[in-house]
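Look at the model below and follow its strands one at a time.

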Amino acid sequence: QVQLVESGGRLVQAGGSLRLSCAASGRTFSNYAMGWFRQAPGKERDFVAAINWNGGSTYYQDSVKGRFTISRGNAKNTVYLQMNSLKPGATAIYYCKAERSSTWTGGGAYWGQGTQVTVSS
């Protein structure tokens, strides 16, 4: 199985930027499509963005399009989420997810432990 470790979350002011990282180990990283999700207090875990095995296709939740960018570096076994123009509503624990597929279909069984992002107004 693949192990995932997120990092990069912290307190940031509204309008600021953050880059989250998710490092994978245990299996061939390029065999996995990757996704980012977030869970705010008292809410369900929601999809944020996803990327296929080589970065050729990306997918975003409508509310983050144009502000968030997902990317990956297969040589570094890492997927990134660049978040710009952050809003207080982005406060959540951010999780990465691995799907054993070349393309993202919304499935997958592997989650990281999450990283906390807090956006102050």
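L4 stands opposite A24 in β3. Strands here are DSSP runs of E with at least two residues, numbered from the N terminus. The model is predicted: local features need pLDDT of at least 70, side-chain atom pairs count only at pLDDT 80 or more, and totals for chains, interfaces and linings use all residues. Residues are numbered from 1 along each chain as its sequence is written, and side-chain values use heavy atoms, with hydrogens and water left out.

β1 and β3 run antiparallel and are joined by 5 bridges; two strands count as paired if DSSP finds at least two bridges between them. In a regular strand the side chains alternate between the two faces of the sheet. Buried means under 20% relative accessible area, with a 1.4 Å probe and protein chains only.

The order β1-β3-β8-β7 makes an open sheet of 4 strands with antiparallel pairing. Its edge strands, β1 (3–7) and β7, each pair on one side only.

Which residues have the most contacts inside the largest nonpolar core? They are M34, W36, L81, M83 and Y94, in a core of 29 residues. Such a core is a set of buried Ala, Val, Leu, Ile, Met, Phe, Trp, Tyr and Cys residues joined through side-chain atoms within 4.5 Å. Strands that each supply at least two residues of this core include β3 (18–25), β7 (68–73) and β8 (78–83).

How values were computed
Buried means under 20% relative accessible area, exposed over 50%, partly exposed in between (1.4 Å probe, protein chains only).
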